[in-house]
Amino acid sequence: MAENDREKTVNKFETLKAHILPLSKADEFYDAKNEWKLIDIYVDDEFDHCPCGQKIKEICIIENVLNKNKTYVGNVCIKQFLEIDTGNAFQGLRKIITDRGANCNHDLIVHAYQFGYIYDSEYKFLMDTVLKRSLSFKQKEWKRKINNRIVRQTVVKKKPPGESEGLGL
């Protein structure tokens with residue numbers, strides 16, 4: 001990485017820290033990191049700006065678990081800030097936005113399940129068919145229905161706190 005690129009990365013991270021700290025209870029950024037969790041992802045049609053200043057379309061909504069403050073960051077900052085890689089989930093989401101009959105990828109299925117967009121039986125169905133190319137007409141229709149709900153982010157069930165822990169993206 002060139003020196004100029006390193007400086008830009010450091011400056012963006014400092015800008016992100018300056019955005020996150022006032023929304024946190026902790027006074028130190030590295031303590032504040034532990035207060036935040038990813039609560040949703042979506043793809044925006046228009047470019048927005050991450051608090052670090054980067055243009056983004058892939059939005060990660062985060063919430064402070066202590067004071068309930070919410071903000072958003074891009075997928076690069078979520079990886080640096082909370083060490084969560086959302087790249088594959090976004091790739092899967094873009095795929096089913098374009099083609100509702102497409103197969104979700106593993107990360108998107110896990111994300112949709114964690115956030116209550118799909119039922120247990122739908123989670124199992126998607127995981128069982130993730131690599132299959134040949135589905136019956138009925139299976140294809142069910143998959144389209146599920147994919148529509150994932151794209152619209154329609155919550156079908158609320159998970160009790162801690163129940164989906166360990167499935168991480």
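Tutor: Begin with a hairpin: strand 1 and strand 2 have five residues between them, and G53 takes a positive phi near 105°. This is a predicted model, in which local features need pLDDT of at least 70, side-chain atom pairs count only at pLDDT 80 or more, and totals for chains, interfaces and linings use all residues. Residues are numbered from 1 along each chain as its sequence is written, and side-chain values use heavy atoms, with hydrogens and water left out.

Student: In which sense do strand 1 and strand 2 pair?

Tutor: Strands (E, at least two residues) and helices (H or I, at least four) are DSSP runs, numbered from the N terminus. Two strands pair if DSSP finds at least two bridges between them. Here strand 1 and strand 2 pair in the antiparallel sense over nine bridges. D48 stands opposite I56 in strand 2.

Student: How many disulfides are there?

Tutor: A disulfide is a covalent bond between the sulfur atoms of two cysteines. The rule applied is a pair of cysteine sulfur atoms within 2.5 Å, and by it the count is zero. For C52, the nearest cysteine sulfur belongs to C77 and is 3.7 Å away.

Student: Is C52 buried or exposed?

Tutor: Buried means under 20% relative accessible area, exposed over 50%, partly exposed in between (1.4 Å probe, protein chains only). C52 is buried at 9%, and C104 is buried at 3%.

Student: What does I78 touch?

Tutor: Contact means heavy atoms within 4.5 Å. Not counting residues up to four places away in sequence, I78 touches L38, C60, I62, V73, E83, I84 and T86.
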